[in-house]
Amino acid sequence: MAALKYAGLDDTDSEEELPPGWEERTTKDGWVYYANHLELKTQWEHPKSGKRKRVAGGLPYGWEQETDENGQVYFVDHINKRTTYLDPRLAFTVEDNPVKPTTRQKYDGNSTAMEILQGRDLSGKVVIITGANSGIGFETAKSLALHGAYVILACRNTSRGNDAVQRILGEWHKAKVEAMTLDLASLQSVQHFAEAFKSKNVPLHILICNAAVFGAPWCLTEDDLESTFQVNHLGHFYLVQLLEDVLRRSSPARVVMVSSESHRFTEIKDSSGKLDFSLLSPSKKEYWAMLAYNRSKLCNILFSNELNRRLSPHGVTSNSVHPGNMIYSSIHRNWWVYTLLFTLARPFTKSMVSEKKPCLYMHFCIR
């Protein structure tokens with residue numbers, strides 16, 4: 001009690017009543033935190049009881065959650081025509097009893113997609129995954145479909161896309177999966193895909209931009225752009241723009257950009273610090289496959305960050321993720337040297353077999 005008195009926390013009779021200068025707030029996900037206006041700090045634990053809490057249930061009828069320009073959550077009462085930063089659900093909080101942490105974090109490099117999705121019911125969720133007929137994209141599509149989501153495999157090769165659908169249906173005949181044609185090397189194909197999807201009149205809750213080429217020789221697309229840049233970044237950029245209105249209407253929704261740790265080993269600015277567009281779609285003389293891949297992945301991250309800044313106030317979040325180093329998939333197929341390197345690294349990286357899916361970014365898809 002002496003310590004409480006010294007800290008000024010013994011002014012109230014109830015341990016649940018906040019001391020002067022403190023305010024109770026909630027995050028977008030419903031977790032309760034406490035703001036100390038005197039010391040200008042925040043914390044998860046109640047300043048007197050030390051307990052952690054979260055709100056229970058949904059918002060009352062007529063209420064809606066919004067986010068202001070500073071990223072702070074506020075609430076609109078449409079019935080009484082008023083707004084407040086106080087969450088009306090704070091009257092119905094439940095105590096959070098966190099499990100004592102173990103030496104192994106909840107999700108790590110040994111986690112599988114099925115472990116992350118354990119207990120999740122994704123019925124009613126609509127998901128688009130680009131490049132989903134093989135590799136990480138296929139394992140992600142299968143895992144989400146097996147948990148009830150309606151998954152669209154957006155693939156360049158329609159035949160391989162349909163084969164992937166049949167493999168998923170072979171594991172669960174009730175899975176809701178479909179293959180649609182999408183060639184990211186053609187902006188016209190991207191437009192046709194978006195139009196075909198919109199014609200279905202379904203929401204879009206998760207868009208996973210997974211497709212990529214790696215180590216590809218220099219060539220121009222039908223749009224006269226260097227292929228690695230267009231397939232890995234620009235095609236996805238255009239796809240998100242075309243589907244942005246659907247994502248907004250489907251909120252809460254999210255975009256997941258599958259990037260790479262190799263984005264750190266490049267630059268897209270000139271000597272004066274300005275964006276150098278010639279680096280993004282270089283000529284054959286200036287082209288190096290690895291640098292082109294790295295630059296496209298850096299563009300993925302920059303785009304994802306800006307997309308999240310613009311759309312998160314509207315209920316659409318965006319994350320860029322690194323799925324793991326040198327996972328043995330088909331991405332290295334363009335040059336035998338890369339195939340050799342990936343083969344040598346295979347014993348030390350995550351496996352693509354079903355029981356060890358390399359889908360650490362699954363957490364960003366469904367959290």
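How are α3 and α4 oriented to each other? In the predicted model described here, local features require pLDDT of at least 70 and side-chain atom pairs count only at pLDDT 80 or more, whereas totals for chains, interfaces and linings use all residues. Residues are numbered from 1 along each chain as its sequence is written, and side-chain values use heavy atoms, with hydrogens and water left out.

Helices and strands are DSSP runs (H or I of at least four residues for helices, E of at least two for strands), numbered from the N terminus. Helix α3 (residues 135–145) packs against helix α4 (residues 158–171) at an angle of about 40°, and their axes are 10 Å apart. Axes are lines fitted to C-alpha atoms, for helices over the stretch in contact, and angles run from 0 to 180 degrees between N-to-C directions. The helices α3 and α4 are therefore oblique to each other; angles under 35 degrees count as roughly parallel, over 145 as roughly antiparallel, 65 to 115 as roughly perpendicular and the rest as oblique. The crossing of α3 and α4 is right-handed, a crossing being right-handed if the near helix is turned clockwise from the far one by less than a right angle, and left-handed if anticlockwise. Contact, defined as heavy atoms within 4.5 Å, involves Phe 138, Ala 141, Lys 142 and Ala 145 of α3 and Ala 164, Arg 167, Ile 168 and Glu 171 of α4. By class, five of the residues in this contact are nonpolar, none polar and three charged. In this scheme Ala, Val, Leu, Ile, Met, Phe, Trp, Tyr, Cys and Pro count as nonpolar, Asp, Glu, Lys and Arg as charged, and the others, Gly among them, as polar.

Helix α6 takes part in two further packing pairs. With helix α8 (residues 289–311), α6 (residues 227–249) forms an angle of about 15°, the axes being 8 Å apart. This angle makes α6 roughly parallel to α8, and the crossing of the pair is right-handed. On the α6 side, the contact includes Phe 229, Phe 237 and Arg 248, and on the α8 side it includes Tyr 293, Phe 303 and Leu 311. Nine nonpolar, six polar and three charged residues make up the contact of α6 with α8.

The axes of helix α5 (residues 187–198) and α6 cross at roughly 30° and come within 10 Å. The two helices are therefore roughly parallel to each other, and their crossing is right-handed. Among the contributing residues are Leu 187, Phe 193 and Phe 197 of α5, together with Tyr 238, Leu 242 and Val 246 of α6. The contact of α5 with α6 comprises ten nonpolar, three polar and two charged residues.

Most residues other than glycine have a negative phi, and most peptide bonds are trans.

The UniProt record (an unreviewed entry) places the feature "domain: WW" at residues 16–49 and 57–90. Its positions are given in the numbering used here, feature names are shortened, and annotations may be inferred rather than shown by experiment. Residues 16–49 are 0% helix and 38% strand, with the end C-alpha atoms 7 Å apart.

Three strands form an open sheet in the order β1-β2-β3, with antiparallel pairing; two strands pair if DSSP finds at least two bridges between them. Because β1 (22–26) and β3 (41–43) stand at the edges with a single partner strand each, one side of each is left without a neighbour in the sheet. Neighbouring strands of this sheet are turned by 30° against each other on average, direction ignored. Strand β2 (residues 32–36) is joined to β1 by five bridges, and Glu 24 stands opposite Tyr 34 in β2.

A further open sheet of three strands has the order β5-β6-β7, also paired antiparallel. Its edges are β5 (63–67) and β7 (82–84), each with a single partner strand, so one side of each lacks a neighbour in the sheet. The twist from one strand to the next averages 30°. Three bridges link β6 (residues 73–77) to β7 in antiparallel fashion, and Arg 82 in β7 is the bridge partner of Asp 77.
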